[in-house]
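This briefing concerns the structure shown below.

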Amino acid sequence: MNVSLLSQPLVDRDEYMTVAAARSLHDHSVCFVGIGMPSTAANLAKRLHAPNLVLIYESGVIGAKPTVLPLSIGDEELAVTADSIVSVPEIFNYWLQAHRVDVGFLGAAQLDRYANINTTVIGDYDHPRVRLPGAGGAPQIATGCGEVLIIVRQSRRTFVEHLDFVTSVGQRRGDADRAALGLAGRGPVRVVTDLGILEPDPDTGELVLTSVHPGVEVSEVLEATGWTLRVSPDLAVTEEPTAEERDTLRALKMAGSTRPHD
Amino acid sequence: MCAAPGLLLGWQPGRRLAPSIQGRRREPVAPRAGARGAHPRRDGEPIRGRASRLPFAVVRGYAGSDHIHHGAPNVSTVTCPFTGEVLTAVAALRPDVAIAHTQRADRQGNVQLWGIAGIQREALLAAERTLVTVEEIVDTLEPRPGASIIPGWVLSYVREVPGEPFRRTRWATTPETTTTTSSGTRSHDTETRSCSGSTPTCSTCKGPPDECLSPVPAARGS
């Protein structure tokens, strides 16, 4: 193991983001995990304050306890450590749609002030500038899970006033809130970025900046947001990662990066 | 490479298939009739619909999104006749060909798989024609906890191609290991299989046999 990286004291902004996402997960809850930063955050939480966190991966893996970060949702490390393995249709129907999952992670190519998400197209739908991966299971995750955590790097390109396409609904579309749309679940309750944390106003559903990571100025967050971002009067500074959080995260990532791929 | 239209790539349990899953994300699995844009769902639900030979599958969760407006004719609404709830209908995908890779088959073409099956079973049951490559062909499939078996009579072709996901060239170099799946009524036929081990180039696409994905003859009953 690379000791020099482990002992590197400075925390970078992606590490703040991953640690903040991990802290948002509670012990004994059931979490629908995607590969990448969500998987890193969930596995970090499981190694620290949430050892009984139940990890569900879209490929049909329930109760995975990977010893290293999985390379994909089909990684055998998930299969051999799982409580149960079912098919993809079963995961979506009997588990996600049946509200057996407490919290789901979503990413976004674009996100608006109500935490609506676009992962479908950039530009006009019929003549897109960029065709994105699409919905996948995101609309079902956005409504099947008890609540949603969004994890995304913050920039004006991503945090936009107007979405080119609404792939999955956050807190509100126009005059209709989630209840009016008939959507189950609380929807996005927290957006964790590399600059801070945004949470929806309980009344309007509009995202409010509630925390900035250490070393980040509020003006920088406002500059990286494509709409006039509201700032909470109780704005906090994200608590520094503890040495344990930092070292566990780095060990996790290092073990994953040095793994043979075949 | 001459890929059949509507090709659906399956995935294999295990770490080795990680690139295949990424391939699944990129591979366009086009719906047939009058499709405008890509199908928003390329995974479980549309395939489940087709595997059941139903025209659509029902889900919740698309209300308020732009799919219903832009996704037509692949996403629409349907009203429950019992409760009146408005739900989302996603059109079934109708792949011409599905390819999956599993651990084992026997000489009758019954295929055994375990681990993360994903949508391999549904894909094989949804497609018109199927090819299953396996790590090994054995005399008898030993029972194994958690494993399932897909009967050979529902498949088109089974072939032993160890390490297939990473060594596609084996496809063209082990013709003796091909087995067919309908109780001996079909046999390996180099006349109809345009990509065979003894053919240096594919007679269909004129390309290297190991890159041709179009050689599966007509399936049983079609």
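Apart from its neighbours within four places in sequence, D83(A) is in contact (heavy atoms within 4.5 Å) with I62(A), G63(A) and K65(A). The model is a predicted one, in which local features need pLDDT of at least 70, side-chain atom pairs count only at pLDDT 80 or more, and totals for chains, interfaces and linings use all residues. Residues are numbered from 1 along each chain as its sequence is written, chains are lettered from A and ligands numbered from 1 in the order in which they are written, and side-chain values use heavy atoms, with hydrogens and water left out.

- D83(A) sits in the loop between helix 4 (76-81) and strand 4 (84-85) of chain A; helices (H or I, at least four residues) and strands (E, at least two) are DSSP runs, numbered from the N terminus.
- With a relative accessible area of 61%, D83(A) is exposed; the classes are buried under 20%, exposed over 50% and partly exposed in between, for a 1.4 Å probe and protein chains only.
- D83(A) and K65(A) form a salt bridge through their side chains at 2.7 Å, N to O, where the term requires a side-chain nitrogen of Lys or Arg within 4 Å of a carboxyl oxygen of Asp or Glu.
- Because K65(A) lies in the loop between strand 3 (61-62) and helix 4 of chain A and D83(A) in the loop between helix 4 and strand 4, the pair ties together parts that are 18 residues apart in sequence.
- K65(A) is partly exposed, at a relative accessible area of 37%.
- D83(A) and V130(A) are 47 residues apart along the chain, and their C-alpha atoms are separated by 39 Å.

**Other salt bridges**

- Over all chains, a search of the whole structure finds 15 salt bridges.
- The side chains of R230(A) and D201(A) meet in a salt bridge of 3.0 Å, N to O.
- This pair links distant parts of the chain, 29 residues apart: R230(A) belongs to strand 16 (residues 230-237) of chain A, and D201(A) to the loop between strand 14 and strand 15 (207-212) of chain A.
- R230(A) counts as partly exposed at 35% relative accessibility, while D201(A) counts as buried at 15%.
- In chain B, E85(B) forms a salt bridge with R60(B), and the closest N and O atoms are 2.7 Å apart.
- E85(B) is in the loop between strand 3 and strand 4 of chain B and R60(B) in the loop between strand 2 (56-59) and helix 3 of chain B, so this pair ties together parts that are 25 residues apart in sequence.
- E85(B) counts as partly exposed at 32% relative accessibility, and R60(B) is partly exposed with a relative accessible area of 36%.
- R113(A), E161(A) and E206(A) are joined into one network by salt bridges that share partners.

**Surroundings of E85(B)**

- Leaving aside neighbours within four places in sequence, E85(B) is in contact with R60(B), V78(B), T79(B) and C80(B).
- E85(B) and A126(B) are 41 residues apart in sequence and 28 Å apart in space, C-alpha to C-alpha.

**Helices 2 and 9 of chain A**

- Helix 2 (residues 13-23) of chain A is mostly covered, with eight of its eleven residues buried.
- The buried residues of helix 2 of chain A pack against several elements of chain A, including helix 3 (37-47), strand 5 (103-106) and helix 9.
- D12(A) caps the N-terminal end of helix 2 of chain A, with a side-chain oxygen 3.1 Å from the backbone nitrogen of D14(A).
- The 15 residues of helix 9 (residues 243-257) of chain A should span 21 Å at 1.5 Å a residue, and its end C-alpha atoms are 21 Å apart, which agrees; the expected span is 1.5 Å times one less than the number of residues.
- Among the buried residues of helix 9 of chain A are E245(A), R246(A), L249(A) and M254(A).

**Chain B as a whole**

- Chain B contains five helices and ten strands.
- Of the 222 residues in chain B, 53% are buried.
- Among contacts in chain B between residues at least 6 apart in sequence, 70% join residues at least 24 apart.

Key
A polar contact is a pair of N or O atoms within 3.5 Å; within protein, one must be able to donate a hydrogen and the other to accept it, and residues adjacent in sequence count only if both atoms are side-chain atoms.
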